[in-house]
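Please read it alongside the structure.

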Amino acid sequence: MGLKENDFVTRLQITSNGGDVFGGMAIGNIVHQHKLDVEVHDYCFSSCANYIATAANKVIVKNNGLIGWHGGSLQPIFSSFDIPIYTKFILTLSGKDWEQEHQQYLKKWHQQEADFFQKVGVDQMITVIGLMPGFKERRDARLFSYDVQTLKLLGLRIEFEDRQLEAQAGGERFVQIFHIEQDTLATLRSNLNDALRETNAFAD
């Protein structure tokens, strides 16, 4: 059934393991513009967590649902972000300098992501805390997330229908949940700002 003239969309139901970062931000901009709630069914990972959940008026994670991060445009500060071999091959065949193309991609991503998080009012650091020193060494799951208190301190408006999970029923542990106090977040934010000033990862 199609929408009628006076019908209003107020909620986006989603299950996603991520995808293109710019596509994710485009969807997130729509979610933010229309003040949509986002309802997570099953899972919301990677670009979904980065740009759709963070843009929501409110996130509702359904029973047995998972939400998790594994990096963002700030990732090159803390770990390698290599261009795939097949992409290097295609760029080389087309006569392009793959290193220059990769650097331009990272710069574009970094600029658009910084603008995005400023607009939606969520701390951009949410995408990379699990990659930072002191957390990366403690990681024993593929993705990372945060408890509700920490998520709210980072600016996310979120609630879980049931208890927050690190794995779906009967499945492997997929998401590691961190609890971080406000003063620790302030220290991490200061360290990140220092690293941004020192790094040349996003230089021209």
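## Cavity

The count comes to 1 cavity of 30 Å³ or more. A cavity is a set of points on a 1 Å grid over the protein atoms alone where a 1.4 Å probe fits but cannot get out. The largest cavity has a volume of about 30 Å³, taken as the space filled by probe spheres set on the points, which are joined across faces, edges and corners.

Its lining (residues with an atom within 4 Å of a point) includes Val 61, Phe 160, Arg 163 and Leu 165. The lining divides into 3 nonpolar, 3 polar and 4 charged residues. Here Ala, Val, Leu, Ile, Met, Phe, Trp, Tyr, Cys and Pro count as nonpolar, Asp, Glu, Lys and Arg as charged, and the others, Gly among them, as polar.

## Basis

Residues are numbered from 1 along each chain as its sequence is written, and side-chain values use heavy atoms, without hydrogens or water. In this predicted model local features need pLDDT of at least 70 and side-chain atom pairs pLDDT 80 or more, while totals for chains, interfaces and linings use all residues.

## Ser 16

Ser 16 lies in strand β1, residues 11–16 (strands are DSSP E runs of at least two residues, numbered from the N terminus). Ser 16 is buried at 16% relative accessible area (buried means under 20%, with a 1.4 Å probe and protein chains only). Its side chain reaches the backbone nitrogen of Gly 18 at 3.0 Å.

## Tyr 146

Tyr 146 sits in strand β5, residues 143–146. Its relative accessibility is 0%, so Tyr 146 counts as buried. A polar atom of its side chain lies 2.6 Å from the backbone oxygen of Ile 126.

Notes: 1 Å grid on protein atoms, 1.4 Å probe; cavity = no way out; pocket = protein on both sides within 12 Å on 5 of 7 lines; lining within 4 Å. Helix = DSSP H or I, 4+ residues; strand = E, 2+ residues; numbered from the N terminus. Buried < 20%, exposed > 50% of the residue type's maximum accessible area, 1.4 Å probe, protein only. Polar contact = N/O pair within 3.5 Å; in protein donor to acceptor, adjacent residues only side chain to side chain.
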